[in-house]
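Trainee: I have not worked with this structure before. Could we go through it by question and answer?

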Amino acid sequence: MRRSKISFLLTKTELELMKSILYLEPYLVDGIKTAKPEAGKYRVEFSTDDLAESLGALSYSTSYTVSPGKKEEIHSLHDKIEGYLKISQRLVRIR
């Protein structure tokens with residue numbers, strides 16, 4: 001079965017945040033390591049399944065984050081990824 005892929009842009013801050021939180025998730029490390037600069041941001045590509053699993057890791061990390069500013073950054077990244085996944089699911093249904 002072919003796995004759906006999703007590609008999108010992250011800011012340098014978002015990419016660094018993903019690196020710091022998801023470094024133990026081998027299925028996401030490759031997507032982070034292969035990020036390509038594009039229009040002042042970084043293009044990443046992940047399977048939709050792997051990206052969906054990253055949402056759990058991001059949510060979990062907020063439990064252990066003390067800084068309110070860092071929590072907000074994590075929530076913002078979580079919401080961005082969740083939004084891209086929802087769009088991806090809608091596109092699959094349309095096809």
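Mentor: Pro 37 belongs to strand β2. Keep in mind that this is a predicted model.

Trainee: Is Pro 37 buried or exposed?

Mentor: The cut-off for exposed is over 50% relative accessible area. Pro 37 has a relative accessible area of 66%, so Pro 37 is exposed.

Trainee: What distance separates the C-alpha atoms of Pro 37 and Asp 50?

Mentor: Along the chain, Pro 37 and Asp 50 are 13 residues apart.

Trainee: Where does Ala 39 lie, and what is its phi?

Mentor: Ala 39 is in the loop between β2 (36-38) and β3 (41-47). Most residues other than glycine have a negative phi. Ala 39 is not glycine, yet its phi is positive, near 55°.

Trainee: Is Ala 39 buried or exposed?

Mentor: Exposed begins over 50% relative accessible area. With a value of 75%, Ala 39 is therefore exposed.

Trainee: How are helix α1 and helix α2 oriented to each other?

Mentor: Helix α1 covers residues 12-22 and helix α2 covers residues 26-33. Their axes come within 10 Å and cross at roughly 155°. Angles over 145 degrees count as roughly antiparallel, so α1 is roughly antiparallel to α2.

Trainee: Which residues make the contact between α1 and α2, and what is the handedness of the crossing?

Mentor: On α1 the contact uses Leu 15, Met 18, Lys 19 and Leu 22, and on α2 Leu 28, Val 29 and Ile 32. These residues divide into six nonpolar, no polar and one charged. The crossing of α1 and α2 is left-handed.

Trainee: Is Glu 14 buried or exposed?

Mentor: Glu 14 is found in helix α1. The cut-off for buried is under 20% relative accessible area. At 15%, Glu 14 therefore counts as buried.

Trainee: Is Ser 54 buried or exposed?

Mentor: Ser 54 sits in helix α3, residues 48-63. Its relative accessible area is 0%, which means that Ser 54 is buried.

Trainee: What surrounds Ser 54?

Mentor: The backbone oxygen of Leu 51 is 2.5 Å from a polar atom of the Ser 54 side chain. Not counting residues up to four places away in sequence, Ser 54 touches Leu 22, Leu 28 and Ile 81.

Trainee: How many Å lie between the C-alpha atoms of Ser 54 and Tyr 23?

Mentor: In sequence, Ser 54 and Tyr 23 are 31 residues apart. C-alpha to C-alpha, they are 11 Å apart.

Notes
Residues numbered from 1 in each chain as written. Predicted model: local features only at pLDDT ≥ 70, side-chain atom pairs only at ≥ 80, totals over all residues. Heavy atoms only, no water. Axes fitted to C-alpha atoms, helices over the stretch in contact; angles between N-to-C directions. Helix = DSSP H or I, 4+ residues; strand = E, 2+ residues; numbered from the N terminus. Parallel < 35°, antiparallel > 145°, perpendicular 65-115°, else oblique. Left-handed = near helix turned anticlockwise from the far one by under 90°. Contact = heavy atoms within 4.5 Å. Nonpolar A, V, L, I, M, F, W, Y, C, P; charged D, E, K, R; others polar. Buried < 20%, exposed > 50% of the residue type's maximum accessible area, 1.4 Å probe, protein only. Polar contact = N/O pair within 3.5 Å; in protein donor to acceptor, adjacent residues only side chain to side chain.
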